[in-house]
Amino acid sequence: MAGILAWFWNERFWLPHNVTWADLKNTEEATFPQAEDLYLAFPLAFCMLMVRLIFERFVAKPCAIALNIQANGPQIAQPNAILEKVFTAITKHPDEKRLEGLSKQLDWDVRSIQRWFRQRRNQEKPSTLKRFCESMWKFSFGLYVFTYGVRFLKKTPWLWNTRHCWYNYPYQPLTPDLHYYYILELSFYWSLMFSQFTDIKRKDFGVMFLHHLVSIFLITFSYVNNMARVGTLVLCLHDSADALLEAAKMANYAKFQKICDLLFVMFAMVFITTRLGIFPLWVLNTTLFESWEIVGPYPSWWVFNLLLLVIQGLNCFWSYLIVKIACKAISKGKVSKDDRSDIESSSDEEDSEPPGSNPHAATTTNGTSGTNGYLLTGPCSMED
């Protein structure tokens, strides 16, 4: 084990040339990031989950009820052992051949079986109340942490001149505000890693899992080798659009159509501007070029920049989805069911389809045009 630890914490990987871990030990004059500080994120992540449960129950739920968002779920399908076995073990979307076989076996007409499967699928979808509470929690935390990040960064020299991220690196003292900011963000991402298996699952679950994993690695990595200054820029920049996204979803659930559309437009503008403009031209420029000039490359420098490039790849993927949604909203003014996340589509809508109709036929969302339906697909299921 000692040999493994010595290999893992090899100074030639983590630190620039001629720098050792002993050089970064805490002294009376200065405090530096220590790897063991990150253990604090685990109990804090658990506490954050508990705070979330309390918040959703005693704050978000009353707000939802005040906005006339009901907790009533979809209509329950009548119990049937044969159909239940097909649904759970074979398919949730039976084809025509299977529908005809079930019709003969049960002596039901095909339309009744189709209706049963629609109702049964809808039973697994969360209520609008649950979705509103989840979004309100993420909105509240996102707004708080972004506000804190802006207030903290506006007092730092590296916000105004990114070269300060690398001057005297890695001998840059760790301030209490920076330490709090980092541990808070890391705790939140760990809480998302734990809760994403019980939260509402959406089509981009795999992409979001990768995003949370890379974010945790990036925060941990940049803290251990004291790249925390540039790390705060990355965190604050990526927090900028999150609150707008969750606010747009909350407006959608509350059926405030105009507010929803406005917030979505604001979210799209902020997201694309920060992720495709400011992030590569400002942050990646300093991590790739300014750091090379001032500090020079070393092994963990390459890993850190590789992780940032993965994040940028995800940013491009989500930006593509947002632009695609915006173009469809402008050109068609309506949304097809194929473009929406299955878990976010309206439970009532599927049930209102004429029996025997194609479940993937084009339809409008809640009878409205604009971005309302589009808010229920990719970008709105994202958590940055």
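Which residues in α4 meet which residues in α5? In this predicted model, Ile82, Leu83 and Val86 are the α4 side of the contact, and their partners in α5 are Arg98, Leu102, Gln105 and Leu106.

Let's step back to the two helices themselves. Helix α4 runs over residues 81-89 and helix α5 over residues 96-106; they pack at an angle of about 160°, and their axes are 11 Å apart. Because angles over 145 degrees count as roughly antiparallel, α4 is roughly antiparallel to α5. As for handedness, the crossing of α4 and α5 is right-handed.

Now have a look at helix α3, which spans residues 41-66 and holds Val59. Is Val59 buried, exposed or in between? Its relative accessibility is 35%, so Val59 counts as partly exposed. Leaving aside residues up to four places away in sequence, Val59 touches Ile54 and Met136.

Finally, let's turn to the record. An unreviewed UniProt entry carries the annotation "transmembrane region" for residues 38-55, 179-198, 205-224, 260-282 and 302-323. Two of these spans can be followed in the model. Residues 260-282 are 100% helix and 0% strand, with end C-alpha atoms that lie 31 Å apart. For residues 302-323, the span is likewise 100% helix and 0% strand, and the end C-alpha atoms lie 31 Å apart.

Notes
Residues numbered from 1 in each chain as written. Predicted model: local features only at pLDDT ≥ 70, side-chain atom pairs only at ≥ 80, totals over all residues. Heavy atoms only, no water. UniProt positions renumbered as here; feature names shortened; annotations may be inferred. Helix = DSSP H or I, 4+ residues; strand = E, 2+ residues; numbered from the N terminus. Axes fitted to C-alpha atoms, helices over the stretch in contact; angles between N-to-C directions. Parallel < 35°, antiparallel > 145°, perpendicular 65-115°, else oblique. Left-handed = near helix turned anticlockwise from the far one by under 90°. Contact = heavy atoms within 4.5 Å. Buried < 20%, exposed > 50% of the residue type's maximum accessible area, 1.4 Å probe, protein only.
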